[in-house]
Structures are given as C-alpha cells and as structure tokens.
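Dear colleague,

Here is the structure I promised to pass on, with the sequence alongside. Please have it open while you read the notes that follow.

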Amino acid sequence: MVGRDARTMNVDCQWGLSGLRAIARDRIVIIADVLSFSTATTVAVGKGATIFPCEWNDDRAAALAKAERAELASKRGQGQYTLAPASLRDLTPGFRLVLPSPNGSTLAFHAQTLGASAVVIGCLRNAAAVASWAGDRPVAVIAAGEQWDDGTLRFAIEDWLGAGAIISRLRGSRSADAEAAAAAFERLRGSLHDALADSRSGRELIERGYPDDIDIAAEIDVDRAVPLLDGNAFRLAP
C-alpha cells in the first residue's frame, strides 16, 4: 500500500526545531510547550499583556527588554514575573514582558523565518480557541519537547497531549503523526492533571515547589485567548 504524503495533509504534527523546519512553510504554526511557555503566554496574553519570546536568558534578553521598554522575566524564585503561569495571573492590559524559554520561545523565534503563514501559541487551556481560530487552514502543530543534558530532544508527554487536544478539534485531513497525538489526548483527557503531574517535567516542577504550574496547565478549554505572533511579540489574536 502506498502511504499518503504528509505534505498533502491539512493538519500535521512534529517535534521540536527539526520538526518545525520540516513542516512550517505555508502553514499556521501552533507551538505547544505546555510546561510552561505556552501556558504562561496564554495566561499573560489573556490578561492583555504583550509577550516578547526570547531564545536567550542572558544579557541579550536584558537588551531586548530595554529596547522594547519591557520587563524581563526572572528565573523561577528570583523575581515577581517568571515562566511560572501563576506569576502572570495579575498582569494588567498593556504590560510588556520578555519571556525567555529554551523550548517554546526558541521555536517562536525561528518560526517566522521558516515561511509560516502565522505563528500562534497553544496549550490545554486554549486548545478549542486555537482550533477555532485556525479553522480549516493548513496547520503545523509543533510539540516543543524538552532537552536532555546533552541538548538532544526529550519526549514530553505534556506537549504531546497539548498538541493532541488542539488537533482533536481541528477540521481536515490529518497526518499519521497528528492522528497519534489526537488519540493520546482522547485516551488521557479524563486524567490530564495526573498525566502532567506524573510526567518527568511535572515531577521536576513539583519537586522545585511549583505544583501550581500543573494545576493551571492541566485545565482544558478554560481560556479563549489565542496568542498570535505580531512582529516579534505575542498579542491577542483578532
């Protein structure tokens, strides 16, 4: 039997930067980095804030914040605003924040250069809203994944579930990868909190004292915000 070419599928799904490079062109790119960039950005943009993704967390991030007249998010436990979604729940409309992240921010940084028609942020919280906004246009859902100590990509079940939640609500033909992500979400949709808490990333966050990250990230379809990359910043999509 001759397999279908994934490039002809309306909905495709891949992992990390290499996957982004493979399928981004001429598609809406949806980045799923559930713990925690996608969840944090969705919470912040839903409050009316502007989020500047940043590939680095060093002097270059500070320079970007200065240039954009924005606040620079701190490392967890070192400041008021961080990647922890709970730290962003009280942001006010118009607040400007540079949010470094080694996974979600990095993907956002590269997506526009790869010919994506649009770049949005998706997670469990806004899965239905993102799918509704995308409609029946060609979509590339990118599960961000995590990194091993040697910098190689680490499978992250939370991002697979976030991608699957979005894909399960999208219309159109799906690649086999997209079908697999949707099936994983449907299998675990009744125990999302447990799945996130039991994931490697979830266990690390809980051990570091951030169980709220799990609580907030595991909520399904509670947020209507769709963060859209406009220039070099995520703002609320029209």
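Arg69 counts as exposed in this predicted model, because its relative accessibility of 68% is over the 50% cut-off. Arg69 is placed in the loop between helix 3 (59–67) and strand 4 (71–72), and has a positive phi of about 55° although it is not a glycine. Asp26, in the loop between helix 1 and strand 2, is another residue that is not a glycine and yet has a positive phi, in this case of about 65°. Asp26 is likewise exposed, with a relative accessible area of 57%. As background, most residues other than glycine have a negative phi, and most peptide bonds are trans. With that in mind, please look also at the peptide bond from Leu35 to Ser36, which is cis, with omega near 20°; Ser36 belongs to the loop between strand 2 (28–32) and helix 2 (37–46).

The crossing of the two helices is right-handed.

As for charged pairs, a search of the whole structure finds 11 salt bridges, of which I describe a few here. Asp223 forms a salt bridge with Arg125, the closest N and O atoms being 3.9 Å apart. Asp223 lies in the loop between helix 10 (211–217) and strand 10 (227–230), and Arg125 in the loop between strand 6 (118–122) and helix 5 (127–134), so the pair ties together parts that are 98 residues apart in sequence. Both partners are buried, Asp223 at 14% relative accessibility and Arg125 with a relative accessible area of 11%.

Arg60 forms a salt bridge with Asp58, and here the closest N and O atoms are 2.8 Å apart. Arg60 is partly exposed, with a relative accessible area of 44%, and Asp58 is partly exposed as well, at 34%. The side chains of Arg189 and Glu186 also meet in a salt bridge, at 3.0 Å from N to O; Arg189 is partly exposed at 41%, and Glu186 is partly exposed at 40%. Salt bridges that share partners join Arg125, Glu219 and Asp223 into one network.

Lastly, Glu179 is found in helix 7 (residues 176–188) and is partly exposed, with a relative accessible area of 39%. Glu179 and Pro227 are 48 residues apart in sequence, and their C-alpha atoms are 24 Å apart in space.

Note on methods. Residues are numbered from 1 along each chain as its sequence is written. This is a predicted model: local features need pLDDT of at least 70, side-chain atom pairs count only at pLDDT 80 or more; totals for chains, interfaces and linings use all residues. Side-chain values use heavy atoms; hydrogens and water are left out. Helices (H or I, at least four residues) and strands (E, at least two) are DSSP runs, numbered from the N terminus. Buried means under 20% relative accessible area, exposed over 50%, partly exposed in between (1.4 Å probe, protein chains only). A salt bridge is a side-chain nitrogen of Lys or Arg within 4 Å of a carboxyl oxygen of Asp or Glu. A crossing is left-handed if the near helix is turned anticlockwise from the far one by less than a right angle, and right-handed if clockwise.
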